[in-house]
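Here is a short report on one protein model. Please keep the sequence and the structure in view while reading.

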Amino acid sequence: MLEGLQMLGHSYLGFLNFWSIVYGLGGALLGILVGCMPGLSATLCIALLTTLTIKMAPNDAILILICAYVGTLYGGSRSAILLNIPGTAANAASCADGYALARKGEAGRAIGIATSGAFTGTLFGVLCLAMFTPALAEIALSFGAFEFFWLALFGVAMSGSIVGEDPIKGWLMGCLGLLLAQVGQEGLYAYDRFTFGWDELSGGIALIPALIGAFGFAEVLTSLADPIERKIVEMKDSVLPRFREVFQYWRTVIRSGVIGVVTGILPGIGEDSGAWMSYAAAKSVSPEREQFGKGSIDGLMAAETGDMSAIPGGIIPALALGIPGSAPAAVLMAAMIIHGIQPGPMLMIKTPQFVYDVVAMTTLATISILIFGLFLVRPLLYVLRVRRTVLMPVIFVLCTVGAFAIASRLFDVYVMLAIGIAAFFLRRRGYEMAPLVLGLVLGELLDKSLRRGLVLSDGSLAPFFTRPICAVLAAVTLLTMLMYIPAVNLRMRRAWGGAKRMVWRRSA
C-alpha cells in the first residue's frame with residue numbers, strides 16, 4: 001500500500017515539468033478540436049497521433065495519446081449541444097438534453113454542466129484506475145494459457161453488444177478481426193498462414209494501417225458521401241457553472257461514475273454504452289424524469305459523467321490483462337506495444353511504475369479539459385464552422401502518411417486503402433468497426449494461448465473446461481452469447497422476476 005502511494009507520488013512529481021505539461025495540454029487541445037468535428041472519433045485521433053509520435057520517448061508519446069483520448073470524447077459534447085450532432089458516438093446521449101438547453105438560450109449553461117460532468121467522471125475513473133489496476137494485475141498473475149484463451153474469447157463475444165440490436169453483425173466483425181490477426185507467420189514455428197504466396201503478407205497485417213483504414217479513410221469516404229448541413233446555436237450566456245447547481249447532483253455523479261467504469265472494464269462495450277446506461281439509470285430514479293429529453297441538467301450530467309468515466313475504466317483491463325475495454329483503448333494499447341511497453345499481468349512485475357504513470361497522465365488530461373472547457377469556449381467554436389470538404393482531404397493525407405511512416409512500406413498504404421474501402425461499404429450495411437478492432441487486437445493472444453494450452457496438455461481440451469477459472473470464464477462467455485437470443489433472454493428475465501417475487505414474499 002505504502003509502496004504504491006510512493007510510486008504514485010513519484011509519477012505525479014515526474015510530470016511536473018515544462019515539457020510534460022506542454023505535451024499534456026497540447027494533446028488535450030488537439031483532442032478537443034478533433035472531438036468538436038462531427039464524424040471524427042477518438043480512435044481516429046489516437047491512430048493518427050500514434051504515427052506522429054512514433055519517434056518520441058515512450059512516456060511523452062503515451063501522455064499525448066491519453067490526453068488526446070480524453071479531450072476527443074469531451075470535445076464531442078460541443079457539437080452535441082450546439083448542433084445536435086454528436087462529435088463522437090459516446091456523446092450521442094448528450095444530444096437530447098444538451099441541444100434542448102441550447103434551444104432555450106442556455107447553451108453556455110449546458111456546456112458548463114457537460115464540462116463539470118466530464119471532469120468529475122474522469123476524476124472518478126482515475127481513482128478507480130489507481131485502486132483496481134494493481135489488484136486486478138495481481139489476480140491475473142494466476143492466469144495461464146488456458147485462462148487467457150477464454151479471456152480473449154470473452155472479449156470477442158462481448159463485441160456483439162457494440163451493435164446493439166443485431167449482435168450477429170458484431171460477432172461476424174469480431175471473427176473477421178480474429179481471421180485478419182492470423183495472417184502471416186504464426187507465433188510458435190514461424191510458418192506462413194493465409195499469405196497466398198505474397199511475401200508482403202508474411203509479416204502479417206500491421207495493426208496501425210488497419211486501424212487507420214477502418215476508422216480514418218473509411219470516415220473520410222463516409223463524410224464525403226453523406227454531407228450534413230449544420231446550423232450552430234448561438235451561445236450568449238456564461239459557461240461557468242454554479243457550484244451549488246453541480247453539487248446537488250452528486251448522487252448522479254457517483255452512480256454514473258460507477259456505471260461508466262464498469263462498462264469501460266467490460267471488453268467491447270465502450271464509452272457510448274456507459275453514457276446511455278448512465279442516462280437510463282438517472283432517468284429511472286430522477287425526480288425530474290419528465291424533463292429528460294427537454295433540457296434536463298440531471299440527464300446531461302449523467303450522460304457526460306458516464307462516458308468520461310468509462311475512459312479510465314477501459315484502460316484498467318488494457319493495462320492489467322492486456323484486454324482493451326474499447327476501440328480507442330485498443331489503439332492506445334497498440335501504441336504502448338509499439339513503444340516497447342507490454343500490457344498484461346507481467347506489467348506490474350516488469351514495469352510497475354508505468355501503471356502509476358498512466359494514472360498521472362490521465363489526471364493531467366482531466367485538469368486540461370477543465371481548463372480548456374471553461375476558459376477557451378468561444379475560440380473553440382470556430383472549429384465547428386470548418387467545412388468537411390476542406391477537412392477530409394487533409395485527414396486523408398494524414399492517413400496515408402501515417403500508414404507509411406510505421407514501417408516505411410508502401411504495402412501498408414495499400415492495406416489501409418483496402419481496409420478503408422471495405423469498411424466504408426460494411427458501415428453502410430450496419431457493420432461496426434469496433435468489433436473488428438477487438439478481434440484484431442485479441443487474435444494473437446487467443447491464437448498463442450490456444451496453441452500453448454494444447455502443447456501443455458498434450459493436445460487435450462479438458463483443461464480448458466476443468467480448471468476452475470476456465471470453467472467460470474467459459475460459463476460467462478456462453479451465457480453472454482445466449483443472452484442475445486430473444487427466447488433465452490425472455491425466459492431468463494421471467495425466471496429472474498419470479499425469483500425476486502419469491503424472495504419478496506418470504507421477506508414479507
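Trp-250 is partly exposed, at a relative accessible area of 39%. Here buried means under 20% relative accessible area, exposed over 50%, and partly exposed in between, with a 1.4 Å probe and protein chains only. The model is predicted: local features need pLDDT of at least 70, side-chain atom pairs count only at pLDDT 80 or more, and totals for chains, interfaces and linings use all residues. Residues are numbered from 1 along each chain as its sequence is written, and side-chain values use heavy atoms, with hydrogens and water left out.

Trp-250 sits in helix α11. Helices (H or I, at least four residues) and strands (E, at least two) are DSSP runs, numbered from the N terminus.

**Covered helices**

Helix α4 (residues 58-82) has 25 residues. From first C-alpha to last, α4 reaches 37 Å, close to the 36 Å expected at 1.5 Å a residue. That expected span is 1.5 Å times one less than the number of residues. Helix α4 is mostly covered, with 22 of its 25 residues buried. Asn-84 follows α4 and has a positive phi, near 65 degrees.

Gly-274 belongs to helix α12 (residues 270-285). Gly-274 is buried, at 0% relative accessible area. Leaving out residues up to four places away in sequence, Gly-274 touches Ile-259, Thr-263, Gly-306 and Asp-307. Contact means heavy atoms within 4.5 Å. Gly-274 and Asp-307 are 33 residues apart in sequence, yet 5.1 Å apart in space, C-alpha to C-alpha.

**Salt bridges**

The whole structure holds 4 salt bridges. A salt bridge is a side-chain nitrogen of Lys or Arg within 4 Å of a carboxyl oxygen of Asp or Glu. The table gives some of them.

| Pair | Closest N and O atoms |
|---|---|
| Arg-467 and Glu-147 | 2.9 Å |
| Arg-193 and Asp-447 | 3.2 Å |
| Asp-412 and Arg-409 | 2.9 Å |

Arg-467 pairs with Glu-147. Arg-467 lies in the loop between α21 (463-466) and α22 (468-482), and Glu-147 in helix α7 (residues 145-157), 320 residues apart. Arg-467 is partly exposed, at 31%. Glu-147 is buried, at 2% relative accessibility.

Arg-193 pairs with Asp-447. Arg-193 is in strand β2 (residues 192-193) and Asp-447 in helix α20 (residues 434-456), so this pair ties together parts 254 residues apart in sequence. Arg-193 and Asp-447 are both buried.

In the pair of Asp-412 and Arg-409, Asp-412 is buried at 2%, whereas Arg-409 is partly exposed at 28%.

**Aromatic pairs**

A search of the whole structure finds 8 aromatic pairs. Phe-424 and Phe-425 have ring centres 5.1 Å apart and planes at 70 degrees, so the pair is edge-to-face. Rings of Phe, Tyr and Trp (its six-membered ring) pair if their centres lie within 6.5 Å; planes under 30 degrees apart count as stacked, over 60 as edge-to-face, and the rest as tilted. Phe-424 is buried at 12%, but Phe-425 is exposed at 51%. Phe-146, Phe-149, Trp-150, Phe-464 and Phe-465 form one aromatic cluster.
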